[in-house]
Amino acid sequence: MAKSNEDIIKEKNLHELKDMVYNHADKYPEALILLAIETVVKQEGTTNELDELRKTIQARHEQKEQDRKAQATEQKEKEKARRRKAQQVKGIDKYAGILKYMVPLVGGAIVLVGAAAVMVLADINKNLAPKLSGLATIGFALATFRYFNKRHKLYQNHKYGTVKETTEYHYNGSVKARGKTRWGLKHGKWEYFDIDGQFLREDIYEDGQLISSKKT
């Protein structure tokens, strides 16, 4: 167990205490030197040199205490800021998780409503059917949605519409594949890459059916 300042002072004689105070004050903690000065003064009385030394050591000791308190306060503020940020991120993740499931449902409902509208209009006037066949998808390119795993890594990127631009990612964040889908099926050109970003192959799809594949 570490000795207290009082125990250290008791173990030293007057000569050793004076040597500590006059010659080695910078090597010891300020509290110990101040106690040594007080002990020397009790035994021999004070001197101008001791008074000046005591003032210097006391000022240095107080400055260190102020610095220590300031650092402690700064550390507390940083910890509070870190906790506030963690709570904000947690709240954002919570709502992002809800939206992840709601957006496809809402998008699907919109598609169904649009399709139903087309069917109703087409039934009213069959001559308009060819002209109305594309109305169900007008305006459905609403937004780009990003999907993350439990480690907050982006693994898929969708731009919703009749034809969706889709990007898939490796666990390290590099692009794994990118292309387009039509009504949930791969359609058109798809490019594939390895985990280091090197191009692997190019596939051509037609409504989910692989038409051709071209490797590097």
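Student: In this predicted model, what do β6 and β7 form, and how many residues lie between them?
Tutor: β6 and β7 form a hairpin, with five residues between the two strands. Glycine 197 sits in the turn and has a positive phi of about 90 degrees.

Student: What makes β6 and β7 a pair?
Tutor: Pairing takes at least two bridges between two strands. β6 and β7, the latter covering residues 199-206, have six bridges. They therefore count as paired, and the sense is antiparallel.

Student: Why is β4 also called a partner of β6?
Tutor: Count the bridges again. Strand β4 (residues 175-182) and strand β6 (residues 188-193) share two bridges. The cut-off is at least two, so β4 and β6 pair. Their sense is antiparallel.

Student: Which residues stand across from tyrosine 192?
Tutor: Alanine 177 stands opposite tyrosine 192 of β6. In β7, the bridge partner of tyrosine 192 is arginine 201.

Student: Where do the strands come in the chain's pattern?
Tutor: The protein chain has five helices and eight strands. Along the sequence the pattern reads α-α-α-α-α-β-β-β-β-β-β-β-β.

Student: Which residues of α2 and α3 meet?
Tutor: From α2 come Leu14, Leu17, Lys18, Met20 and Val21. They meet Leu32, Ile33, Ala36, Ile37, Thr39, Val40, Gln43 and Glu44 in α3.

Student: How do you know whether glutamate 30 is buried or exposed?
Tutor: Glutamate 30 lies in helix α3. Its relative accessibility is 9%. Buried means under 20%, so glutamate 30 counts as buried.

Student: Which residues is glutamate 30 in contact with, leaving aside neighbours within four places in sequence?
Tutor: Glutamate 30 is in contact with Ile57, Arg60, His61 and Lys64.

Student: What share of the protein chain do buried residues make up?
Tutor: Buried residues make up 22% of the 216 residues. The accessible surface of the chain comes to about 15,900 Å². Carbon and sulfur atoms hold 55% of that surface.

Student: What share of the contacts with a separation of 6 or more joins residues 24 or more positions apart?
Tutor: Such residues account for 21% of those contacts in the protein chain.

Conventions. Residues numbered from 1 in each chain as written. Predicted model: local features only at pLDDT ≥ 70, side-chain atom pairs only at ≥ 80, totals over all residues. Heavy atoms only, no water. Helix = DSSP H or I, 4+ residues; strand = E, 2+ residues; numbered from the N terminus. Buried < 20%, exposed > 50% of the residue type's maximum accessible area, 1.4 Å probe, protein only. Contact = heavy atoms within 4.5 Å. Areas by Shrake-Rupley, 256 points an atom, 1.4 Å probe, with all protein chains shown as cover.
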